Amino acid sequence: MNNEALVSHTEIKKNELSKFRKIVFIFAIIIICAIGFVASDIYLPSLPAIAEYFKIEAFWAQYTMTAFLITMAFCQIFCGALSDKFGRKKILIIFMIIFILSSLGCYFSQSIYQLIIFRIFQALGACAGMTIGQAIVADLFDAKEMAKVLSITIPLVAFSPAIAPVVGGHIETIYNWQSNFLILAGYGVFIIFLLCLPIIPSYPKHSNIAEGSAFDFKIFRKIITNRKFFALTFFMKASNASYFAFLAASPFLLKKFGYPPTVVGYAFCAASFPYMFASLLGRRLSIKRTSFQIIFIGLVLNFLGASLLILHYFIHWEHLLALMIPVFIITIGNGLLMPFSSANAISLFPKHAGMVTGTIGSIQLTAAGIATGIIGIIENGTLLPIGIFILAIASVAMLIFLSTFSLSRQSDKSINI
């Protein structure tokens with residue numbers, strides 16, 4: 001009897017240790033994946049100070065952001081493919097060293113040209129975070145478990161762009177704008193520290209890393225031309241485009257509605273909280289529903305939120321809530337469809353998880369850039385343009401879903417190349 005009690009007590013301890021290690025692992029993945037968003041946004045409140053410091057026009061300071069995003073979008077595919085070939089930790093550490101050195105370069109920059117160049121190298125280092133972080137998750141879990149993990153990590157990672165400017169603004173106020181880049185250098189050092197701990201395995205659980213060249217164009221072509229992959233990444237593009245449409249339009253909308261600029265920052269921050277709710281909701285729904293059913297619910301919520309924006313325009317409700325209530329609905333939808341779309345897209349090509357996650361990241365950033373460009377053209381200070389834009393992409397996404405997937409409980413088989 002005592003032996004049985006001892007065995008039971010030992011098993012409980014092992015389960016507790018396993019849960020603790022999983023929590024620490026998820027924390028590490030969140031930190032790794034968030035580095036690109038934090039690096040892109042932490043210094044945004046300092047753009048005017050940068051322009052004043054270098055005695056330049058404001059658009060030159062904005063170019064530091066543009067150069068960062070373009071580099072991130074382009075390089076993610078390649079760093080993911082490199083990690084497929086040479087290993088996740090090794091490549092991530094190399095890219096983090098690049099990130100740390102370029103962050104220090106940004107701190108010591110003596111001209112706007114130097115700052116732009118170092119921001120490009122900083123983006124090169126940061127792009128490995130989101131790509132390889134998700135690839136590590138793909139190495140260790142099957143599609144269903146991966147979706148559960150990503151339903152925690154993606155909302156928290158998505159929350160980082162809302163927090164980063166607030167932190168950056170305080171850092172600039174207390175010290176100076178350059179200090180933000182010292183903080184980023186320390187961030188990179190902390191990630192290397194996490195990678196040196198045993199919480200992140202050095203090798204994938206299923207040993208499914210592909211052999212061959214670091215970047216195989218034939219494999220890349222098979223990935224991007226796969227019908228299911230196209231559909232799943234389109235859902236993520238629609239999600240990113242709708243969110244960045246809100247980011248681009250809200251400053252002008254809220255100014256037209258009579259709100260000061262400070263309200264815009266709080267609106268950005270508030271719009272991230274529904275992701276947290278969506279994380280809990282997605283985990284609950286996954287008990288009884290398939291991932292594709294949850295994705296469809298997310299698409300429906302996008303459609304409803306966009307319809308509500310248009311309704312508020314026609315009833316002439318020019319208020320903060322007229323924007324934020326529909327955006328909350330849309331964000332909950334995004335919080336449901338993003339992790340489950342990502343997990344299913346990655347599981348289609350398990351041997352090339354790095355290339356897949358890099359491609360997904362590149363596609364998402366491209367969608368964000370296109371959305372902000374379109375909103376810049378059609379925005380007129382009312383809710384109608386953003387409502388029509390989000391409704392259009394949500395409608396197309398739903399049509400693609402219905403023509404590609406079934407809402408039945410039958411699971412899709414992964415494609416192994």
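**Reading the terms**

Modeller: The protein has 15 helices and 0 strands, where helices (H or I, at least four residues) and strands (E, at least two) are DSSP runs numbered from the N terminus. This is a predicted model, in which local features need pLDDT of at least 70 and side-chain atom pairs count only at pLDDT 80 or more, while totals for chains, interfaces and linings use all residues. Residues are numbered from 1 along each chain as its sequence is written, and side-chain values use heavy atoms, with hydrogens and water left out.

Biologist: Why is Phe-108 called exposed?

Modeller: Exposed means over 50% relative accessible area, buried under 20%, and partly exposed in between (1.4 Å probe, protein chains only); Phe-108 has 54%, so Phe-108 is exposed. Phe-108 lies in the loop between H4 and helix H5 (112-140).

Biologist: What makes Glu-145 and Lys-22 a salt bridge?

Modeller: A salt bridge needs a side-chain nitrogen of Lys or Arg within 4 Å of a carboxyl oxygen of Asp or Glu, and the closest N and O atoms of Glu-145 and Lys-22 are 3.6 Å apart. Glu-145 lies in helix H6 (residues 143-174) and Lys-22 in helix H1 (residues 2-41), so the pair ties together parts 123 residues apart in sequence.
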